[in-house]
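Here are my notes on this one, point by point. Have the model open while you read.

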Amino acid sequence: MLLTCCSSESEVKAQETQPSSSEKVLVAYFSFTGNTKAYAEKIAEMTGGDLYEIVPEVAYGSENSNYYDETTRAYKEQYNTGGEQRPAIKETLENASQYDIVFLGSPIWYGKSPRIILTFLDKYGFEGKTVIPFVTSAASSISNVNSELPSTYPDINWKEGRRLNGISDADLRTWVQSFVGTTTQKMYLTIGGVTKTATLVSNSSTEALVAQLQQGNITYEAHDYGNFEKVGALGYTFPENNEQINTVPGDLILYQGSNLCIYYDTNSWNFTRIGKLDNMTQADIKTWVNAGGDNVSVTLSISQPTGISQVKADDVTSKAYTLQGTLAQAGHKGIIIKNGKMIIR
């Protein structure tokens, strides 16, 4: 009886995750100046995908950066005035058919993808696979890429690509994750012996926080501020992904990289979103964090805490028993069994 009751009343919810994408991701890129390479590396890190550089057998010289020189190799290839329409590449990609999603990156040359990208697609096919172009360019748009590649390779499941110059890491991550399934990371927060869960957003700030929590729990003291939040110093400094945010009750916010705010009311400021408490009303949050009252100790964890997560009010209409099986007298303090449930009073 006791084991059953503990399971029903004191069990803290296990970490919930959405299934991570089982689709295998490739991030393939050709980079001339290094700009495309930098974004490709970020996308590979964000997706956990394999990174592959498309390398020409004969490297492009620096003279090809002069886009007004009709004698350059790049100009001749792009305009088909004597250059190779499919310049040869070094073949190092193995088992290309294993990939379900391909992020395909390059600069824009004369308004189009470099012809070496066509060589890559000719070689490995990717029929039926999802391919997402991304490009770098100081001024040119990606419109010609988004039209030329699907018309040239109609058997590929093309998604509209994006020019990435100037994009923030947060926006890049949002764009990337619109194509690739991700794991939903949960975090546990315990105040006064009561544990709640929160769903974390995906950014470099939460990644660093989770990495720190993998080393052990973080406990900090949070004080009331502005009649809208409980805030305290974590004792660590994490990367910031600041944006203008209009908070709602339940938002978890990182302020100045080192302070965690639990919002029980609204505010607007430029700071980093961490996550949101799960399934709590504003009234629930205010009670839990002692809104407007004294400081509270907050413990953060990414593993399931032990102990009782909720306290149930006594129901005076039915009998209650002690753990020894005797009738609990009026005013009895401690753990009792009532209506098949374990209760603290």
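1. What do the buried residues of helix 5 pack against? They pack against helix 4, strand 4 and strand 5 (157-158), where contact means heavy atoms within 4.5 Å. Helices (H or I, at least four residues) and strands (E, at least two) are DSSP runs, numbered from the N terminus.

2. A word on provenance: this is a predicted model, so local features need pLDDT of at least 70 and side-chain atom pairs count only at pLDDT 80 or more, while totals for chains, interfaces and linings use all residues. Residues are numbered from 1 along each chain as its sequence is written, and side-chain values use heavy atoms, with hydrogens and water left out.

3. Back to helix 5: Val 145, Glu 148 and Leu 149 are buried there (under 20% relative accessible area; exposed is over 50%, partly exposed in between; 1.4 Å probe, protein chains only). They sit on the same side of helix 5, because they cover an arc of only 90° around the axis, taken from the directions from the helix axis to the C-beta atoms.

4. Now the salt bridges (a side-chain nitrogen of Lys or Arg within 4 Å of a carboxyl oxygen of Asp or Glu). The count comes to 10. One of them joins Arg 73 and Glu 77 at 2.9 Å, N to O; Glu 77 is buried at 2% relative accessible area, and Arg 73 is partly exposed at 24%.

5. Lys 186 and Asp 278 also form a salt bridge, again 2.9 Å from N to O. This pair links distant parts of the chain, 92 residues apart, and both residues are buried.
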